[in-house]
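Some notes on the structure follow, as numbered points. Please read them beside the coordinates.

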Amino acid sequence: MSQSYNRGLVEDFGRWREFSAGMWAWIFHKFTGWMLIGYLFTHIAVLSSALSGPEAYTGTIQGLEGLFIIRVLEVGLLAVAVFHILNGVRLLLVDLGVGLEAQDKSFYASLVLTGLITVASVPTFLQGVGL
């Protein structure tokens, strides 16, 4: 006869407080990966406007680049991509046995570095946009 293991309530949303830095790194890495896949489809959709001719593509790009919300989304895309890259390098180093003792610190460092790069890029992304 098999025994069942009591895993607790599935609806126990308070468990996130117990997550370690490694769990948050895993969650953020998966989330940013899915966001990049979603962006890939958006990117392909915009590029497909070139099928209608160079004027249609140029008009699409100029129309999108003039919108404030698109510029904000570009900053978000940069943040997602930078974190995914930095965390991926961190994971690669951990898999190679480098920095096993400092996984939490390297995760926090990747978050801080992502924040610094993103904040530093905001003036560049918002340059020339009409509010």
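1. Thr118 touches Val75, Leu78 and Ala79, leaving aside residues up to four places away in sequence; contact means heavy atoms within 4.5 Å. Thr118 lies in helix H4 (residues 103-126), helices being DSSP runs of H or I with at least four residues, numbered from the N terminus. Thr118 counts as buried because its relative accessibility is 13%. Buried means under 20% relative accessible area, exposed over 50%, and partly exposed in between (1.4 Å probe, protein chains only).

2. This is a predicted model: local features need pLDDT of at least 70, side-chain atom pairs count only at pLDDT 80 or more, and totals for chains, interfaces and linings use all residues. Residues are numbered from 1 along each chain as its sequence is written, and side-chain values use heavy atoms, with hydrogens and water left out.

3. For helix H1 (residues 21-47), 27 residues at 1.5 Å a residue should span 39 Å, and the end C-alpha atoms are 38 Å apart, which agrees. The expected span is 1.5 Å times one less than the number of residues. Buried residues of H1 include Ala21, His29 and Val46. The buried residues of H1 pack against helix H2 (54-65), H3 and H4.

4. How many salt bridges does a search of the whole structure find? The search finds one, under the criterion of a Lys or Arg side-chain nitrogen within 4 Å of an Asp or Glu carboxyl oxygen. Arg71 pairs with Glu65, the closest N and O atoms being 3.1 Å apart. Arg71 counts as buried, at 10% relative accessibility, whereas Glu65, at 28%, counts as partly exposed.

Methods
Helix = DSSP H or I, 4+ residues; strand = E, 2+ residues; numbered from the N terminus.
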